[in-house]
Amino acid sequence: MQEKKTSKTTKNPEVMQEKKISTATKSPAATEDKVAAVNPAKTESKLSELQNNLERKTIIMQGNEAVAYGALDAGVNFFAGYPITPSTEVAEILAAELPKRGGTFIQMEDEIASICAITGASLAGAKALTATSGPGFSLMQEGIGFAKITETPCVVVNVQRMGPSTGMPTSPAQGDIMQSRWGSHGDSPAIVLYPESVKESYELTIRAVNLSEKYRTCVVLLLDEVIGHMRESVRLPDMANVRVINRIKPTVPPHWYKHYDENQKYLSPLASYGDGYHFHVTGLTHDSQGFPTNKAVEAGDMMDRLRKKITYNIRDLVQIESHEMDDANIAIFAAGITARAAKAAISMAREEGFKVGLLRPLTIWPFPDDAVRKMLRNVETVIVPELNQGQLIREIRRLTKDKNDSNIVSIQRVNGQLITPNDILRKIKEVI
Amino acid sequence: MLKPYEIRLSGSGGQGLILAGIILARAAVLDKHKVTQTQSYGPESRGGYSRADVIISDSEIYFPEATNFNCLLALTQEACDKYLYDLRDNGILIIDTTFVKNLALAADNTYDLPFTEIAQEQLGGTISTNVLSLAFLSKVTGIVSDKSLETSIVESVRPAFKDLNIKAMKLGFKLAEEYDSNRS
């Protein structure tokens, strides 16, 4: 454990805060003291037990549960969704917990209605989230585009399963990486986060909600089926250590308020319906008041604003983990559950003397271009294991430019089974 | 310091293996270990394949699925045939002879008992076969403490089934204690 060198390279305060959370809770002494003193009577309401204790205990928790608790801790007070395996537990828990806290849960008739409902709720001031899987995510694409063009904060959790279509509901796949970026028509940027553990599912759910509020856009949280259904021993950070970003209200007189202000500060004031500010919301390309426009200048300005809020804030948005990379001459680039297999493979490979490391994106979109370029400069070979037919590897190849990309090696699997540590170890030995 | 200990509970849907996995994982947390529990099952709620993996360790667990088991519990012939080859040398094999009639491979540490029949006869139904065999597994491997397993069962099952499952657990412990003396 001690020799493991893991660092998240990021500089912004919010993330530093989150990093502090994770180090604070990893302290073994702190954890051991607070291992659950069991009270059978309380098992019915794990959440209230969690919330009421200032110091949380180590418990066993599922990835989907962690997402639900993360949503609640981030202040989400509206969920509209259509339950679907393997994301159902998120809806199940929020259906029970939101009403107790004055929030709203609606089971919608389908996923199109779900994304529209959370967008509408957000316009009325709610912090809104929905959870789905591949088939529902496809249906939501139109609505996600609407949330993006109207700059309405909301979060879509997509617990990925085997596809295409309804595929294999209980089997893992990482087939929605590109869809989460390009699924909605009309060239808009995306923020997509990708956890590798139950604890990180909790942390990144909070981060997704925070980023959606900060940048006024639809943020996608991608989970693997295995992460969503997996149970792990986990101690969530105490509520005092959780940083939540809430939108700020405009202070200008109503007739001065522009819903889409060119002056980009984050957060920028955001009025809700019912606050007394008048604004127009449309999926048509619009001016700063929200009214449809066909003027090239205004259309260009709007598209620029959507792009810039991502590209000008890469340092805030991109989070990566660099694991055993210092002396590595072979790097593995993997996200989610595949990164867990890679870490196991790395510890086996290092025992045999091979210098292998892992670069793992926690934010897959915007893509961590700089970190990948640095990796490409420093290692001889990059192995890209993924549960699809080549989505992450395309991005790596994009960044090799004139460099020979024959040293970019794929491991791909789309049969509903995971890539195992041994599969990766075998590939490491092949490329050496 | 406990090295990663990989357990696979396998059988068919409806036998309660995933619940058994959760109970075992929760007991391991009570014993202050790190633990991951994953599962694989078909879309059916009964029938079809089902398995639960539990990895218990004191160091960080990277890959959460069991690939090289220290212990395999097989409650059906299909599960036994499918997973036996991934049992590591000297790994512990526990089979339910109610359904597992043939062993494709002889394992050194094999424990065989007709768990389902025993549950039917002594517990009044097959529903607690999972807890019965889990308690047996726990005792044989010593991977979690008896006390933690009991607490975990109480926490994990519905109150109405608490007594039945505690009874099943005690029977499982007893079978494990008597197993050695009977056969060796």
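**A walk through a predicted two-chain model**

Let's start with one pair of side chains: A:Arg307 and A:Asp304 meet in a salt bridge, 3.1 Å from N to O. A salt bridge here is a side-chain nitrogen of Lys or Arg within 4 Å of a carboxyl oxygen of Asp or Glu. Side chains of opposite charge can pair when their charged atoms come close. Both A:Arg307 and A:Asp304 sit in helix H11 of chain A (residues 296-311), 3 residues apart, or about one turn of the helix. An α-helix has 3.6 residues a turn, so residues three or four places apart point the same way. A:Arg307 is partly exposed at a relative accessible area of 40%, and A:Asp304 is partly exposed too, at 30%. As for those words, buried means under 20% relative accessible area, exposed means over 50%, and partly exposed is in between (1.4 Å probe, protein chains only).

Before going on, a word about what you're looking at. This is a predicted model, in which local features need pLDDT of at least 70 and side-chain atom pairs count only at pLDDT 80 or more, while totals for chains, interfaces and linings use all residues. Residues are numbered from 1 along each chain as its sequence is written, chains are lettered from A and ligands numbered from 1 in the order in which they are written, and side-chain values use heavy atoms, with hydrogens and water left out.

Now for chain A as a whole. It has 16 helices and 15 strands; helices (H or I, at least four residues) and strands (E, at least two) are DSSP runs, numbered from the N terminus. Of its 432 residues, 59% are buried. Take the chain A contacts (heavy atoms within 4.5 Å) with a separation of 6 or more: 76% of them come from residues 24 or more positions apart.

Helix H4 of chain A (residues 63-73) is mostly covered, with 11 of its 11 residues buried. Among them are A:Glu65, A:Tyr69 and A:Asp73. Just after this helix, A:Gly75 takes a positive phi of about 95 degrees.

Further along comes strand S3 of chain A (residues 78-81). In a regular strand the side chains alternate between the two faces of the sheet. Here both faces are covered: A:Phe78 and A:Ala80 are buried on one side, A:Phe79 and A:Gly81 on the other. S3(A) runs parallel to strand S4 of chain A (residues 104-107), and 4 bridges join them. Strands count as paired if DSSP finds at least two bridges between them.

Another spot worth a visit is A:Gln174, in the loop between strand S6 (154-160) and helix H8 (177-182) of chain A. Buried or exposed? A:Gln174 is buried, with a relative accessible area of 1%. Its side chain makes a polar contact with the side chain of A:Tyr194 at 3.1 Å. A polar contact is a pair of N or O atoms within 3.5 Å; within protein, one must be able to donate a hydrogen and the other to accept it, and residues adjacent in sequence count only if both atoms are side-chain atoms. Leaving aside residues up to four places away in sequence, A:Gln174 also touches residues including A:Gln160, A:Asp224 and A:Glu386.

How do the two chains meet? Contacts link 25 residues of chain B with 30 residues of chain A. Chain B and chain A bury about 2500 Å² between them, 64% of it on carbon and sulfur atoms; this is the accessible area (1.4 Å probe) that two parts lose on being put together, summed over both. There are 7 residue pairs in polar contact across the interface, both residues at pLDDT 80 or more, and 0 salt bridges. On chain B's side, the largest share, 7 residues, comes from S2(B). S2(B) also pairs with strand S9 of chain A (residues 231-235) in the antiparallel sense, over 2 bridges. In that pairing, B:Thr36 is the bridge partner of A:Glu232.

Last stop, inside chain B: the side chains of B:Arg26 and B:Glu155 meet in a salt bridge (3.8 Å, N to O). B:Arg26 lies in helix H1 and B:Glu155 in helix H5 of chain B, so the pair ties together parts that are 129 residues apart in sequence. B:Arg26 is buried at 14% relative accessibility, and B:Glu155 is buried at 18%.
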